[in-house]
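Subject: Structure for you to look at

Hello,

Please find the structure below.

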Amino acid sequence: MSDRDDVFDLTVRYATAIDTQQYGLLTTVFTEDAHVDYGVVGQWSGGAEVAAFMEAAHVGAAHTIHRMTNQAIAIGGDTATIRTYVDALILMEDGSGANPVGYYDDHAVRTADGWRIDRRTYTSVRLAAVTAAHG
């Protein structure tokens, strides 16, 4: 695989970790000292903190779907910048939930264990409540 493929895989691995409830997999997405800023949602340092937050934030979720699109990747040696658009759906058992839409601006570095995100900023564009369908 090329560096571009590996960096692209990093963004998909993030979504896969959450959507399959394999939160420990998030530690393979971020460096141990990564700065992760999701604005009003929170800020964390390192993959372990991100994993702990995501697991707690998704307790009770019956289904999550993170659609990661339009990855714009620029690689320069051992660093990369990535913008990834996300349209997520988080549903509870009763069908209620949230639909956050926005984008991630990431800075990734090549490590001995492969590419990892060392800085991420999430920009929220839209956050809509999903109401349970009654029928």
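The strands β3 and β4 pair in the antiparallel sense over 13 bridges. Strands here are DSSP runs of E with at least two residues, helices are runs of H or I with at least four residues, and both are numbered from the N terminus; two strands pair if DSSP finds at least two bridges between them.

This is a predicted model, in which local features need pLDDT of at least 70 and side-chain atom pairs count only at pLDDT 80 or more, while totals for chains, interfaces and linings use all residues. Residues are numbered from 1 along each chain as its sequence is written, and side-chain values use heavy atoms, with hydrogens and water left out.

The hairpin of β3 and β4 has 2 residues between the strands, and G77 there takes a positive phi near 70°. β4 also runs antiparallel to β5, joined by 11 bridges; A80 has A108 in β5 as its bridge partner. In the turn of this second hairpin, which has 4 residues between β4 and β5, G95 has a positive phi of about 90°. β5 (residues 97–111) and β6 (residues 114–130) are antiparallel too, with 15 bridges, and D106 stands opposite R120 in β6.

Taken together, 6 strands form an open sheet in the order β2-β1-β6-β5-β4-β3, with mixed pairing. Its edge strands, β2 (43–45) and β3 (61–76), each pair on one side only.

Regards
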